[in-house]
Amino acid sequence: MDGLLHLDAGDRERLSGEKGEAAAIAMRFVVLLAEAVGAERLIDVTRAHIDGCLYQGRAGLEFAERLAAAGAQVGVPTTLNVGSLDLLHPGLYRGDAETARDARSLMDAYVAMGCRPTWTCAPYQLEDPPAFGEQIAWGESNAIVYANSVLGARTERYGDFIDICAAITGRVPAYGLHLTENRGADVVVDVSRIPPPLRDRDVFFPLLGYVIGRRVPSGVPLVVGVDRATPDQLKALGAGAASSGGIGLFHVAGITPESSLPDFGRGPEPSLPPIAVTVQMLRDARDQLTTGRTGAALGAVALGTPHASAAELRRLAALFDERRVADGVDCYVSSGRDMLTSELRAVDELERAGVRIVADTCTYVTPIIGRVDGVVMTDSAKWAYYAPANIGVRVVFGSTEDCVASAVAGEVVRDEEVWGG
Amino acid sequence: MAEQVEARAVFPGAAEGRAVVIEPLSFWGGVDPGTGVVVDPHHPGFGTALAGCVVVMAHGVGSSSSSSVLAELLRSGSGPAAIVLEEPDAIIFIGVAVAAELYGAACPVLIVPGATRAIRHGAGVAIDGARVRVVKEPPRDGV
């Protein structure tokens, strides 16, 4: 193309086929992307996370099988995102057998290429997460934004296909969020007008993420006015912002790691006008994420999107507090398969409360929820955003506390007090 | 009268179609992979058919699974004729590149700064290499 791109000897060997056919295919896509984005060189990545193992149709399967048949093996440690099936609880799947077979073949193809069968959308919750400054190639929008923002690792927004190409070659274009100059803030998001009781609540964070994604669909926001935030709250913020928008990195002043660097904020001034978040914006976000009537019958409750962390599983178990899910309501919590063994006690308590644990997949990407005649309640902006189109349900968004209270009561319960009446 | 717009072809090719100027969209969860219709109820373009059209948007948003959905749309023949963006988007680009590799499906991707203002919804658009020509104004009564 324009000849800007410099390839090193290893890149050229891969491209020429000296390292095998699969490496040549993978390298060709990495080079195509590098040329498309105007990168001048490629850089090494230390690990990859594959989004492409979730079945979308024949194209994804044929690409993976073509690479696997060419002998592809990942060149860096590589984790796998959710698939379309819960391999630990296969009975949960309600889709057709042909799709299940293809979805399984897709998952198998990625394992055959040497990827670890982690089957989680929250690879940052696995042991040995990426370190600050580490260059990685991650797919899955919530994982991308978490790695960049909360861990301070560096990944662009990689999608299906290029994720495995980066994993095979260990190379990506030096562009975008890999480079320091693109990681400064474009826009200030001020939340200091939100009263502290609401600002400290879990429910604030996914809604703030949704608002940010809507108003700054591309760019790097700097959130100011947050006094404290847990990793799980930042995870909910990022997942919301990467669903309603294309956010790959955000900063929270004084909280996320890059905002504390001495050079932070010394770059160009934010290019976009600041956003002052109001309670009304958060209420509107809650209402936009609610596509069902709050007075409608409750069919199911979906929790654990992105996959519940250890702390979230324990908190859910504590919220149920030995109460049970009401008859006629299905309550699901999605989490990584590793949590099912490491958080045995919380998982056991939840199961005794009548909660169905989902591993390896998630309830909004594959047909698991049986009862779609009632509304489904969730505490996840991401779940609420995608589920109506993906699985044809009507959603009521609420806080985690609202969701558990609703599951127990068997009807939609929302605490309006937190919104100032 | 034909009007030419400055463009950079990140995935070159030739295509013609009616312009669908649309708010940023996640193909995954946003477009039915079988029909090419926008199914995201939160999106202002809900119900819009993208098949055979020149999709014009500022950039992509949302899911990293959009590459697969785009490749699937192009495999099944329900995909856009071309995509015009204001800034490069790896997720969209790779979906198109893989569909070309596996199925020979052609869907040029071009970068046009200010595209969503320069190209009117409903206009006839012809793409050839790095040239984007608006060959027909949209109907007066809108689309």
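Reader: What should I know before I start?

Author: The model is predicted, so to speak of local features we need pLDDT of at least 70 and for side-chain atom pairs 80 or more, while totals for chains, interfaces and linings use all residues. Residues are numbered from 1 along each chain as written, chains are lettered from A, and side-chain values use heavy atoms, without hydrogens and water.

Reader: How is a pocket found, and what volume has the largest pocket?

Author: Rolling a probe the size of a water molecule over the atoms shows where empty space is left. Here a pocket is an open set of points on a 1 Å grid over the protein atoms alone where a 1.4 Å probe fits, with protein on both sides within 12 Å along at least five of seven lines; lining residues have an atom within 4 Å of a point. The largest pocket has about 1100 Å³, the space filled by probe spheres set on its points, which are joined across faces, edges and corners. Its lining has 40 residues, with A:Leu177 and A:Asn182 among those nearest the centre.

Reader: Where does the second largest pocket lie?

Author: It lies between domain 1 (9-180) and domain 3 (291-414) of chain A, because both give residues to its lining; the bounds come from an automatic or database domain assignment. Its volume is about 570 Å³.

Reader: Which residues of helix H13 (residues 344-352) of chain A are buried?

Author: Helices are DSSP runs (H or I, at least four residues), numbered from the N terminus. Buried means under 20% relative accessible area and exposed over 50%, with a 1.4 Å probe and protein chains only. In H13(A), A:Ala346, A:Val347 and A:Leu350 are buried. The face turned away from them carries the exposed A:Leu344, A:Arg345 and A:Arg352.

Key
Helices (H or I, at least four residues) and strands (E, at least two) are DSSP runs, numbered from the N terminus.
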